[in-house]
Amino acid sequence: MDLSDVQAALSDKSYSSLAPLCDELLLQAASRGTTTDEWPHAVHLLAHLYLNDLNSARFFWKSLPQEVKDARPELAAVWRIGQCLWNRDYAGVYTAAQGFEWGPDLADFITAFLESYRKRIFQLLTSAYSTISVADVAHFMGMSEEDSTNLHPFPPTFF
């Protein structure tokens, strides 16, 4: 199975293109009856999470055989992030992502995911709240209270 396009997207940090690319390649492999033993399951799952497509991530996870889930700790670690997202456990997303020793294929992708997620949460906070406690911002952003007070462009009266 030729995964060079997936590797190229990872190398180029074209993370938003990975989910549709992986979906298409997996469909092609299935239609040809090609074995998917070498499939980058963790990359595929994280690609859906990166796009905030929790339904596709969940259905991809459910489609995987239990043996694959059990044999790949990195895949299970990505799924822990997905579970936190699904349950709106904001702090848990950061804990799950930072609590695993990621391999070279996923380390940069995880960092990019966390940056994207933090920006998304930041936008939600600034649009949803006119005032919020420092502790709540720290919780949602997965950082210390001290770090959360240095975020910009929160309005001066935000806290």
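Predicted model: local features only at pLDDT ≥ 70, side-chain atom pairs only at ≥ 80, totals over all residues.
Local features here need pLDDT of at least 70, side-chain atom pairs count only at pLDDT 80 or more, and totals for chains, interfaces and linings use all residues. Residues are numbered from 1 along each chain as its sequence is written, and side-chain values use heavy atoms, with hydrogens and water left out.

Student: How far apart are the end C-alpha atoms of helix H6, residues 73-86?

Tutor: Helices are DSSP runs (H or I, at least four residues), numbered from the N terminus. The expected span is 1.5 Å times one less than the number of residues. H6 has 14 residues, so it should span 20 Å, and that agrees with its end C-alpha atoms, which are apart by 20 Å.

Student: Which helices do the buried residues of H6 pack against?

Tutor: Buried means under 20% relative accessible area (1.4 Å probe, protein chains only). In H6 that list includes Trp79, Ile81 and Cys84. Contact means heavy atoms within 4.5 Å, and the packing partners are H3, H4, H5, H7 and H8.

Student: Which side chain makes a polar contact with the side chain of His41?

Tutor: His41 sits in helix H3 and is buried, at a relative accessible area of 6%. A polar contact is a pair of N or O atoms within 3.5 Å; within protein, one must be able to donate a hydrogen and the other to accept it, and residues adjacent in sequence count only if both atoms are side-chain atoms. For the His41 side chain, at 2.8 Å, the partner is Arg72.

Terms used: Helix = DSSP H or I, 4+ residues; strand = E, 2+ residues; numbered from the N terminus. Buried < 20%, exposed > 50% of the residue type's maximum accessible area, 1.4 Å probe, protein only.
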